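Reader: Hi! Could you walk me through this structure, with the cut-offs as we go?
Author: Happy to, just ask away.

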Amino acid sequence: AASELTAMSNAVAKKATPRGAPVVLAAVDYLDRFKGVQLKLLAWEALLKNYPKYQTGYVLVQILVASRNQMKLVTDAQLVREEIELIAKRINETYPGTVYLEEKTNLSTAGRVALWLRSAVIVYTAVREAVNAHPLEYIMARSLANVPAGVTIMSEFSGFSRGLHGTPQIN
């Protein structure tokens, strides 16, 4: 699991400040327009612009899962990928190191759990989604590891947003 995230861990470590390791906001989404990754990145960019204190010591880790089967189902996957890469590049040019973007064909459960334990916040911005178990996985992983609960931010258009009371809802 740790080896799956070595590049991410190295990139995040570079954002360390004299106060310590950066605060990680994370998400794992399929490469699909309905997952709202572009909207998430645009919101992150606006937050960095409007609240300069988040320009240092904070990093949004966005893992895109683009399995071959998923890519066959998403007709505009290449366009979605290009849009996401363009926005992430623009943010990193303006606010260096505030976005870590990686595309994978698969991310194991152990890899996700390692990411959840490293992240203070997870952010899901789907514009249409039935069930995504990642927020529950995040909560359970942190609880079982006896680490602070963290924050789960979910789209109101996600099925679990109604069941996770107290979760800030967006979109």
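**Salt bridges, cores and surface**

Author: Let's start with Asp-29, which is buried at a relative accessible area of 3%; buried means under 20%, exposed over 50% and partly exposed in between, with a 1.4 Å probe and protein chains only. This is a predicted model, where local features need pLDDT of at least 70, side-chain atom pairs count only at pLDDT 80 or more, and totals for chains, interfaces and linings use all residues. Residues are numbered from 1 along each chain as its sequence is written, and side-chain values use heavy atoms, with hydrogens and water left out.

Reader: Thanks! Where is Asp-29 placed?
Author: Asp-29 is in strand S1, residues 23-30. Helices (H or I, at least four residues) and strands (E, at least two) are DSSP runs, numbered from the N terminus.

Reader: And which residues does Asp-29 touch?
Author: Not counting residues up to four places away in sequence, Asp-29 touches Lys-35, Val-37, Lys-40, Gln-62, Ile-63, Leu-64, Val-65 and Tyr-124. Contact here means heavy atoms within 4.5 Å.

Reader: With which residue does Asp-29 form a salt bridge?
Author: With Lys-40, and the closest N and O atoms are 2.7 Å apart. A salt bridge is a side-chain nitrogen of Lys or Arg within 4 Å of a carboxyl oxygen of Asp or Glu. Asp-29 lies in strand S1 and Lys-40 in helix H2, so this pair ties together parts that are eleven residues apart in sequence.

Reader: Is Lys-40 buried or exposed?
Author: Lys-40 is buried, and so is Asp-29.

Reader: How many salt bridges does the count come to?
Author: The count comes to six salt bridges. Among them, Glu-45 and Arg-90 meet through their side chains at 2.7 Å, N to O. Glu-45 is in helix H2 and Arg-90 in helix H4, so that pair ties together parts 45 residues apart in sequence.

Reader: What about accessibility for Glu-45 and Arg-90?
Author: Glu-45 is buried, with a relative accessible area of 16%, while Arg-90 is partly exposed at 34%.

Reader: Switching topic: which residues touch the most other members of the largest nonpolar core?
Author: In this core of 19 residues, they are Leu-25, Leu-31, Leu-41, Trp-44, Ile-84, Ile-91 and Val-99. A nonpolar core is a set of buried Ala, Val, Leu, Ile, Met, Phe, Trp, Tyr and Cys residues joined through side-chain atoms within 4.5 Å.

Reader: Which elements give two or more residues to this core?
Author: Helix H2 (37-50), strand S2 (58-65), helix H4 (77-94) and strand S4 (121-124) do. The largest share, six residues, comes from H4. There is also a second, separate core of 18 residues, including Val-65, Leu-115, Tyr-124 and Tyr-138.

Reader: What does Ile-84 contact?
Author: Leaving aside neighbours within four places in sequence, Ile-84 is in contact with Leu-31, Val-37, Gln-38, Leu-41, Leu-64 and Leu-101.

Reader: Over to Glu-137: where does it lie, and which residues does it touch?
Author: Glu-137 lies in helix H6, residues 134-144. Glu-137 is buried, at 18% relative accessible area. Beyond residues up to four places away in sequence, Glu-137 touches Thr-109, Arg-112 and Trp-116.

Reader: Now the outside. Is Pro-96 buried or exposed?
Author: Pro-96 is exposed, with a relative accessible area of 56%. Pro-96 sits in the loop between H4 and strand S3 (99-104). C-alpha to C-alpha, Pro-96 and Val-59 are 9.7 Å apart in space and 37 residues apart in sequence.

Reader: Last one: how many helices and strands does the chain come to?
Author: Six helices and six strands. From the N terminus on, the elements run α-β-α-β-α-α-β-α-β-α-β-β. Buried residues make up 43% of the 171 residues in the chain.
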